[in-house]
Amino acid sequence: MKVVYLTQPGKMQIEEEPIPEVRPGNVLVKIEYNGICGSDVHFFKDGRVGDNVLKGKFVLGHEVSGTVVEVGENVSGLKIGDRVALEPGYGCGKCEFCKTGRYNLCPDMKFFAAPPVRGALQEYVSHPADMCFKLPENVSTMEGALVEPLAVGLHATGLGEIGLGQTAVILGAGCIGLVTLLAAKARGASKVVVVDLHEKRLEFARNMGADHTVNASKNDVLGCVKELLPEGPDVVFETAGSAETIAQTPFLVKRGGIVVLVGMAAQSEITYNFFQAMEKEIRIQCVFRYRNLYPTAIAAIASGSIDVKQIVTHKFSLEESERAFSTVVDDAQNVVKAIIET
Ligand SMILES: NC(=O)c1ccc[n+]([C@@H]2O[C@H](COP(=O)([O-])OP(=O)(O)OC[C@H]3O[C@@H](n4cnc5c(N)ncnc54)[C@H](O)[C@@H]3O)[C@@H](O)[C@H]2O)c1
Ligand SMILES: [Zn+2]
Ligand SMILES: [Zn+2]
């Protein structure tokens with residue numbers, strides 16, 4: 001099979017390797033799509049994400065879907081020909097976090113493209129069958145690869161307790177901001193204001209259901225939001241991952257509201273006005289990936305309550321992987337989600 005290796009920052013090379021053997025409890029999946037995510041791009045550009053530094057060549061890709069071509073021993077519920085979305089991470093199954101269903105917090109989590117675990121930018125992958133979710137007829141395999149980022153938006157809006165009639169501000173209209181918007185609207189939010197620095201991104205947000213958008217490069221964000229929502233939004237989602245937007249959250253949110261921190265800033269310590277937070281009695285909720293949400297995400301796509309495929313702006317073949325990543329780096333404003341077809 002073909003495997004796409006990142007050999008050094010900015011360089012990718014396709015190599016031939018044997019197709020993996022199917023372990024008991026696993027299925028062999030012929031990979032069809034890999035979405036390119038911000039973390040993959042950090043590895044591509046800099047050879048690292050935070051303290052996670054690549055040593056030697058590495059396979060990226062964790063937003064994955066495909067078709068089952070072989071079924072291992074002790075697998076029930078999946079058969080050859082089933083189209084599936086692969087949840088990229090699985091816990092140890094034994095620790096407190098796994099046992100309480102919060103497997104995203106498992107300290108021994110194995111997650112595609114989180115070193116030392118390699119990713120799925122290759123033709124075949126052997127993966128635990130219980131982490132492969134069957135796609136219904138009316139959900140395409142391309143949509144299957146988008147379940148991963150959508151799950152982040154669903155988890156963020158779940159922890160932010162977005163419900164019918166609630167109002168929200170989303171800071172950042174990248175892929176994660178946009179899936180948060182889709183999830184918030186699907187959960188019944190009445191008014192969602194999306195903030196970004198780039199008009200192009202805001203246009204995407206409006207097309208995906210944002211009620212209002214604010215261009216932070218030209219406007220006073222706090223003032224604009226105050227005009228639109230005088231008491232402040234019930235929930236503020238920070239999905240830009242910048243120190244500046246994180247610092248805005250306690251000033252924006254309604255008294256007694258919830259701040260959901262999804263973006264990961266480059267610096268680990270950030271100035272934050274806790275007086276605002278205390279006086280307003282706000283709740284600060286952090287988000288790390290997602291848990292138990294693949295079935296919900298797939299059902300929401302199948303029923304039509306979330307149209308996730310609109311986030312895809314660019315498509316490439318496996319052979320074009322290096323160009324796909326360079327495009328994401330060089331044309332960041334225009335690329336919301338690029339996907340690679342195997
Ligand atoms: N918590 C998690 O589990 C999780 C999962 C996935 C991604 N993330 C993080 O979410 C963040 C967003 O990911 P993405 O893929 O959407 O990235 P992205 O770079 O595509 O999107 C970020 C957006 O924020 C905008 N932005 C930057 N500074 C801003 C400012 N001052 N005001 C308003 N907008 C601003 C940018 O223009 C961009 O459109 C990243 O930090 C990523 O690491 C977290
Ligand atoms: Zn991702
Ligand atoms: Zn565990």
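**View 1. Salt bridges across the whole structure.** A search of the whole structure turns up 15 salt bridges, where a salt bridge means a side-chain nitrogen of Lys or Arg within 4 Å of a carboxyl oxygen of Asp or Glu. Please keep in mind that this is a predicted model, in which local features need pLDDT of at least 70, side-chain atom pairs count only at pLDDT 80 or more, and totals for chains, interfaces and linings use all residues. Residues are numbered from 1 along each chain as its sequence is written, chains are lettered from A and ligands numbered from 1 in the order in which they are written, and side-chain values use heavy atoms, with hydrogens and water left out.

**View 2. K57 and E15.** Here K57 pairs with E15 in a salt bridge whose closest N and O atoms are 2.8 Å apart. The two partners are 42 residues apart: K57 sits in the loop between β5 (52–53) and β6 (63–71), while E15 belongs to strand β2 (residues 11–16). Strands are DSSP runs of E, at least two residues long, and helices are runs of H or I, at least four, both numbered from the N terminus.

**View 3. D234 and K254.** Look for the salt bridge between the side chains of D234 and K254, 3.0 Å from N to O. D234 is in the loop between α7 (221–228) and β15 (235–238) and K254 in the loop between α8 and β16 (258–261), so the bridge ties together parts 20 residues apart in sequence. D234 is buried, at 15% relative accessible area, whereas K254 is partly exposed, at 24%. Buried means under 20% relative accessible area, exposed over 50%, and partly exposed in between (1.4 Å probe, protein chains only).

**View 4. The zinc ion (ligand 2).** Three residues coordinate the zinc ion: C37 through SG, H62 through NE2 and E63 through OE, at 2.2 to 2.5 Å. Donors are N, O and S atoms within 2.8 Å of the metal (3.2 Å for Na, K and Ca), and sites may look incomplete since water is not among the atoms. Along the sequence, the donor residues follow the spacing C-x24-H-E. Both H62 and E63 are buried.

View 5. V262 brings a backbone N or O atom to 3.0 Å from a nitrogen atom of ligand 1.

Terms used: Polar contact = N/O pair within 3.5 Å; in protein donor to acceptor, adjacent residues only side chain to side chain.
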